[in-house]
Amino acid sequence: MVAGATAIEARNVIKTFGTGSEAFHALDNVSVTIRQNEFFTLLGPSGCGKTTLLRMIAGFELPTAGDILLDGQPVAHLPPFKRQVNTVFQSYALFPHLTVAQNIAFGLEMLGRPKSEIESQVTKMLKLVQMEPMRNRKTNQISGGQQQRVALARALAPHPKVLLLDEPLSALDLKLRKGMQIELKRLQMETGITFIFVTHDQEEALTMSDRIAVMSKGKILQVGSPTEIYEHPSDRFVAHFIGETNFINAEIVSRDGDGGLLRLSSGAEIHHPKIGAAGSNNDISLVVRPERIELAQLDDSCQFAGTVKNIVYFGTDTTFHLDVENAGEMTVRMQNRWGHQAVLQIGDQVGLKVEPDALQVLRD
Amino acid sequence: MAATFDTPKDALADNGRAQQAAKQAATRTIFTRWLMLSPAMLVIIICGLMPLLIILAYSLMKPGDYAGVVWGMPVPDAWINLFFEQDMFSDAMAPNYAYYIIFARSILMALFTTVLALGIGFPTAYFIATRSPKLRNLMLFLITIPFWTNLLIRTYSIIMVLQDQGMLNKILMQLGIIDQPLQLMYTNISVSYGLSYAYLPYMVLPLYASMEKLDFRLIEAGYDLYATRFQVLRRLIIPLVKPGIVAGSILVFIPAIGDYVITTQLGGGTTMMFGSLISQQFLTARNWPQGSALSLALMLLVMIALFIYAKKAARQAQS
């Protein structure tokens, strides 16, 4: 296996449900390349097309146009049982008439593997997901978290080229979910299988993924590492969907190379190193994450002036909601290392400081 | 805690009263239960249990000369006759082959009917269960329509279709497929056709009930795990709807094995079945004890078969 080689490629995939005026474009010309041995996440709100794309890779949906390539081979028109792709279903879909071990063995049996191989592989999988003592239980005699592990083991047992996970953690409670996030990442690294994970939970996506594709309304808006997606959202939707964001309007005063001088809505001027091609008529939008803004004594070094409207204490940090002059409402988050929450009070006048590299220019 | 009881004696008395009240309430509950069950119990005792006991008594008596029975000490003659018959000349006992053949034919015919109904009912139920809810209700309604028509009329309609000058033969001859009418009536074909048709809804309805509950995501999971269509059917769908298959088969097999109307109308005298044998004993041979013994034997046969199945199912559920 070559690191970085392509495992799955979607080429100009279109999926339309219904016809005429009732037609719904679940996938609108989607192209994406997923590398081998990668933990890839499709992230987006419900109805964005992420599950449709996953089901298409699994073979449960036919593309209206375009193609899906698995290891360079077109597979879009192959039935699911002819693809070396397995799925962990949101509902787990464990076979209730079979035991845990029989569930895990199912795929291998269908592939016609010899009995001894099935036996050893099932034992290996049970060990991998730490379910050995439960091997002879029926699937309704184990807990939700354990069912989740069995579903994983069942899908991993035939050693597929790609493992698809359709919001598998959504039915678990918070603590189990956190545990499974780490577990999934470990399994992916140990097995070396490409994981394609579908979720609407941005935190889940950020903690587990090697790369994330953010989807909305049947389109992929941005593909990148969690850091890229979070720190450098290229799109208003992406910035809004992932984490909390402050939007700032600005105009370009002058350009020099890739960067330029910006005049923020508050009137303060700041030099930004990377504007790129954004801002056709010199008006641009910037985003800044709440934790990248510093609250300070109001003076000339501050770009914005605001009034504290609300203070929300989170334990590890505190969020300040501010009414900012010429920029509307803004949110600032600070770690509780310095005890600001004790110093600042609702109604206080404060200054806001932003470093140029904390400002991300949106492409629209 | 502050002292709430005036004296220990009072407390005990209170406790005793409470216990008595609880006991009274429990008695009332049990009484109410029996009261509510009593109409059903009465019907079962008067219309079910008592006739059964009468038949049991008949089967142990000697037959009267002109039907009826001669009351006296119980004798096992009729029961022995199920298996052995007395030779007319030598009085020696010989196996009653005529009965064996009728038993075997009835069982085979009922089995064949069940298999045929399952073969037709399974895809039908699957088709209905996979339609939209609105369409499902309409189709179930259509399935139950034959129930509204008298069985005798439905059976006569089948005769109209199958007889020598019937619809089927006419169509086949018009098409030039045959030039002589096929003998369809009064054969095993006509009987099994009539039986499967009459009892098909009893197969479709329980099958549909268990298929409707089938989680089709499991079938997707099967395809995902490399199962072909046939393997999905054999390894997933059939085991998952097994309760429906069993219920439907029982509901078809039991009435089919003892059926009288269809087997006599469509089978005529050439293919005697259990049901017509019993009626013959009562009406023609005027041997009520024999007819009673045959009826009970049929009932025992079915009960034993069900009992064995229940045992097996329980053992399977345990393992």
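Visitor: With which residues is I57(A) in contact, leaving aside its neighbours within four places in sequence?

Guide: This is a predicted model, in which local features need pLDDT of at least 70 and side-chain atom pairs count only at pLDDT 80 or more, while totals for chains, interfaces and linings use all residues. Residues are numbered from 1 along each chain as its sequence is written, and chains are lettered from A and ligands numbered from 1 in the order in which they are written. Two residues are in contact if their C-beta atoms, placed from the backbone, lie within 7 Å. Leaving aside neighbours within four places in sequence, the contacts of I57(A) are I8(A), I68(A), V85(A), L164(A) and I196(A).

Visitor: Which residues touch the most other members of the largest nonpolar core?

Guide: A residue is buried if 20 or more other C-beta atoms lie within 10 Å of its own, exposed if 12 or fewer, and partly exposed in between, with C-beta atoms placed from the backbone. A nonpolar core is a set of buried Ala, Val, Leu, Ile, Met, Phe, Trp, Tyr and Cys residues joined through C-beta atoms within 7 Å. The largest such core has 107 residues, and those that touch the most other members are I57(A), I104(A), A153(A) and I196(A).

Visitor: From which domains of chain A does this core draw at least three residues each?

Guide: Domain bounds come from an automatic or database domain assignment. For chain A that assignment gives two entries, with bounds 6-237 and 244-361, and their centres, taken over C-alpha atoms, are separated by 39 Å. The core draws at least three residues from each of domain 1 (6-237) and domain 2 (244-361).

Visitor: What radius of gyration does chain B have?

Guide: The radius of gyration is taken over C-alpha atoms, and the globule rule is 2.2 Å times the number of residues to the power 0.38. For a compact globule of 319 residues the value would be near 20 Å. The C-alpha atoms of chain B fill a box of roughly 105 × 70 × 40 Å along the principal axes, and buried residues make up 25% of the chain. The radius of gyration of chain B is 28 Å.

Visitor: Which element gives the most residues to the side of chain A that touches chain B?

Guide: The contact takes 17 residues from chain A and 14 residues from chain B. Helices (H or I, at least four residues) and strands (E, at least two) are DSSP runs, numbered from the N terminus. On the side of chain A, the elements giving two or more residues are β6 (85-88) and α2 (100-110). With 3 residues, the one that gives the most is α2(A).

Visitor: What covers the buried residues of α8(B)?

Guide: Helix α8 of chain B spans residues 216-224, and its buried residues include L218(B), A221(B) and Y223(B). Just after this helix, Y226(B) takes a positive phi of about 70°. The cover of the buried residues includes elements of both chains: α1 (50-58) and β6 of chain A, together with α9 (229-240) of chain B.

Visitor: Which are the edge strands of the open sheet of 5 strands in chain A?

Guide: Two strands pair if DSSP finds at least two bridges between them. The order is β13-β12-β11-β14-β20, with antiparallel pairing, and β11 (residues 246-256) pairs with β12 (residues 259-264) over 6 bridges. Each edge strand pairs on one side only, and these strands are β13 (269-272) and β20 (360-361) of chain A.
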